[in-house]
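Colleague: Could you take me through this model, please?
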Amino acid sequence: MFNILIVALLQGFEYGLVTLGVMLSFRVIRFPDLTIEGSFPLGGAITASMIAKGVQPIFGVGVSLVAGFAAGVLTGILNTKFKISKLLSGLLVMTILFTVNLRIMGRSNIPLLYYQTILTPIEKIIPRSNLPLILFFFLVILLSKWLVDQFLSTELGLALRATGDNEQMIKSLGVDTDSTNILGLGMANALIALSGSLVTQDQGFADIGMGVGVMVTGLAAMIIGETLLRPKNMGWLSTAMIVGTIVYYFVISLGLRLGLAPTDLKLATGLMVALALCAPALRDRYGISRILKEAKKRALVKGRSLG
Amino acid sequence: MLELEGVTKIFNRGSIDEKVALQHVNLTVEKGEFITIIGSNGAGKTTLLNAITGSVFVDDGNVVIDGLDVTHLSEFKRGRLIGRVFQNPLMGTASEMTIEENLSMALLRGKPRGLHKGVTKNHRNIYRPILQTLGLGLEDRLTDRVGLLSGGQRQSLAILMATLSLPKILLLDEHAASLDPKTAMVVMDLTERVIKENGLTTLMVTHNMDQAIRYGDRLIMMHEGKIILDVSGEEKSKLTIPEVIQRFEIVDEKLLLV
């Protein structure tokens, strides 16, 4: 059990960056962005191939951030400037990135086991212990959350949030919503590429298929976090993203421990998200409140016929 | 302050659905003037406002605001010149954001937005007395989400937001129409007070004849994309509802003859 918790914390902090990115696109600017599935492995591909070429790992992380930002910007430009639908814009960039990632890596998998990564010195602090690593990733996600929170409360951040909330209104207040959409997507994908970069260094390899399902995982984590914490403001929302990711990985690890086959993970995640998304409709149709309402109506009718 | 010269807008030009929304409309609005606009459905009132804000681009003619030709300027660039309140209270405010955040966004109308804190103590000190004048108790609810407010409260907030940074022109698009009569009165009184206090140049579209006559110092009636009646000053103050309706009917009869 303790082991599962450790794994859940580690993965929760690593992938929490993805969920923060998903929050920026899906919640803040309300842009259902598919670029994610390409920008996550983009961060991994860049970092792995740079490290394998002998470049300082920290540069790999930096370049990943910038490249992720650029990927998001590209999706934003396709949507805002060329009027391609949001879903299709993301899908196009994701497809393009598949080739880009392969080109960057030169093959479909780069192992990093014998290379120094930015995590190597941290892992050495206490031999055979995950603690320093967990602490490191905790600091990374905490810093990211703080930066995102701070940004979203600035003048520009408010404009970004209003772009998702009421685009017409913020436009009439003189804000170019094309730019705010593009900026939001850039930031979201920068965070996601950063996650890809860190995950690659932790797991010791980059793989062309590492992005498959990342978006749905992020969505699942987001929905879990929102359901558990019911956030009323931005600070709580971003906290909910991190908590949701940890809980998600805890459930997944538990499922694996209890005999869920790793190959069935995506099915389980997909069903989890689908169920969560069905919940409001199901509640309306079969939920307690509806049953109560109908009972009340019947009682009223009866009362009237009695009176 | 505002000049429309030969403004024409035709939707679906060349198709069977062709609709002439504005036909060579000429209109000069002086600084500080408060104009009410009436007309039947499809008369072109909302298109007129949209042409001013840039929500639609005109096919012909010019739109000049405060000496600046904005005919080809995009909507968000005109945003710094124009405040607008819509019929739907949901459209003028961001519901997921707090009252103070909404006001802060309005305070920065048309200004560059940077990485300064969006809401500061200074801001709150500005907002509280302004909200107090509404008498709705909103000054104690600065950090409440706007989605929690009633339609009338939201519309009052929208009026504050539209006028907070003193736009060159204020456009009101049937902004009291979706409210119950009592709330509509309160909102209209607030509107008039804000306009008078700040000397705002205003165009107000309304379906309510009584409002159109009672408020403002000039009345315009539109029909089929044209201005068919334009009265101001003493003539307007003497105008009565039956008279206005009679003018409407004359137009309608013409319509029947055609």
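Modeller: The answers below cover the overall fold, the domains and the chain contact.

Modeller: This is a predicted model, in which local features need pLDDT of at least 70, side-chain atom pairs count only at pLDDT 80 or more, and totals for chains, interfaces and linings use all residues. Residues are numbered from 1 along each chain as its sequence is written, and chains are lettered from A and ligands numbered from 1 in the order in which they are written.

Colleague: How many helices and strands has chain A?

Modeller: Chain A has 13 helices and two strands, taken as DSSP runs (helices H or I, at least four residues; strands E, at least two) numbered from the N terminus. Its C-alpha trace spans about 90 × 55 × 35 Å along the principal axes.

Colleague: Which domains does chain A have?

Modeller: The assignment gives domain 1 (2–248) and domain 2 (261–307); such bounds come from an automatic or database domain assignment. Their C-alpha centres lie 34 Å apart.

Colleague: How many residues of domain 1 are in contact with domain 2?

Modeller: Six residues of domain 1 of chain A are in contact with six of domain 2, contact being C-beta atoms, placed from the backbone, within 7 Å.

Colleague: Turning to chain B, how many residues does each chain bring to the contact?

Modeller: Chain A brings 21 residues and chain B 26.

Colleague: Which helix of chain A gives the most there?

Modeller: Helix 7 gives the most, with eight residues. Helix 7 (155–165) and helix 8 (167–172) each supply at least two residues of that side.

Notes. Two residues are in contact if their C-beta atoms, placed from the backbone, lie within 7 Å.
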